[in-house]
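Please review the following briefing alongside the model.

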Amino acid sequence: MGIQNLSAPPRAQSAPADNPSRTRRHGGGITHDNTRHTTRFVVIGNHLVQHKELSLLAIGLSCHLQSLPAGAGADIKSLAARFPEGPTRIAAALRELEAHGYLRRERHRTQTGRIVTRTVSCNQPHASRREPADTGCPPAKRTPPPPRRTGPKALPAVPRPSSTAPALLQTALDLLADLRRRDARLLLSATDTAHLVPGVAAWLAGGVAPSAVRHALTTGLPDEPLRRPAALLAHRLTDRLPPPPPFRTQSAVVPPPRHPLQNCEGCDRGFRAPETESHCRDCRAAVASLP
């Protein structure tokens, strides 16, 4: 009877089911020949390089992004020029990294007012940003939102009339007050009416009839409710303002004078002629024909 070797395992050990990277063949598998880096290296976490949902292209692209210095080009065009995969596959890999928190793309406004996109590569993404850890990604500076207006928005400017005659302004006021009879949505406040009166007066002073002004303001209105009817009217008064009438110079021909009416001394018929003439044209012709 042979002696049992207590140091030998009873049967071959199988690779754990949760680590499929280990080979099941006896004597196989990867070995490492590592040399410690002292310069030009980047630390990459196993949570990235052994990620179970990221594609190999996304993992490699994230490693490349984490190795880049700050300010280096990380847009799709720059990456497609660096690698042979092409912009379509690189864009898909960037979306993978963005979905798993390894990448953020934020829009920022520069001091010159230009909008630029900043790519932020994170080496330790976290599901929640309420308690951020030291991930190597500084928090992005967000521009505070502009203060909200507390009062109503100002109405657009309207044309100014060449004449401010009281009768002209009164006609413009009556025209605006009558618009609600054409469309109930054009009910204007006193403040809105005072703002629009100069614009209507500018049309009237340019020779446009009140009926034509009314037609231009009320024709082709949208079917939905008007939130700011005064703003719509102000826009139409400016956008549809017709050109001024052509300038007409005074005729150089002096019209003939209008002579006074008098009675002919020959036939007592009324006629117009200078005061030096005492007979009408027919009587003067008859006298001239005598021998």
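How many helices and strands does the secondary structure of the protein chain come to? The protein chain has 10 helices and 4 strands, where helices (H or I, at least four residues) and strands (E, at least two) are DSSP runs numbered from the N terminus. This is a predicted model, in which local features need pLDDT of at least 70, side-chain atom pairs count only at pLDDT 80 or more, and totals for chains, interfaces and linings use all residues. Residues are numbered from 1 along each chain as its sequence is written, and side-chain values use heavy atoms, with hydrogens and water left out.

**Overall make-up**
- Along the sequence, the pattern reads α-α-α-α-β-β-α-α-α-α-α-β-β-α.
- Of the 291 residues in the protein chain, 23% are buried (under 20% relative accessible area; exposed is over 50% and partly exposed in between, with a 1.4 Å probe and protein chains only).
- Of the contacts (heavy atoms within 4.5 Å) between residues at least 6 apart in sequence, 48% join residues at least 24 apart.

**Strands S1 and S2**
- Strands S1 (residues 103-109) and S2 (residues 115-121) run antiparallel and are joined by 7 bridges; two strands pair if DSSP finds at least two bridges between them.
- Arg-107 has Thr-117 in S2 as its bridge partner.
- S1 and S2 form a hairpin with 5 residues between them, and Gly-113 in the turn has a positive phi of about 90 degrees.

**Glu-277**
- Glu-277 lies in the loop between strand S4 (270-272) and helix H10 (281-289).
- Glu-277 is partly exposed, at a relative accessible area of 28%.
- Beyond its neighbours within four places in sequence, Glu-277 contacts Gln-262, Phe-271 and Arg-284.
- The C-alpha atoms of Glu-277 and Cys-264 are 8.8 Å apart, and these residues are 13 residues apart along the chain.
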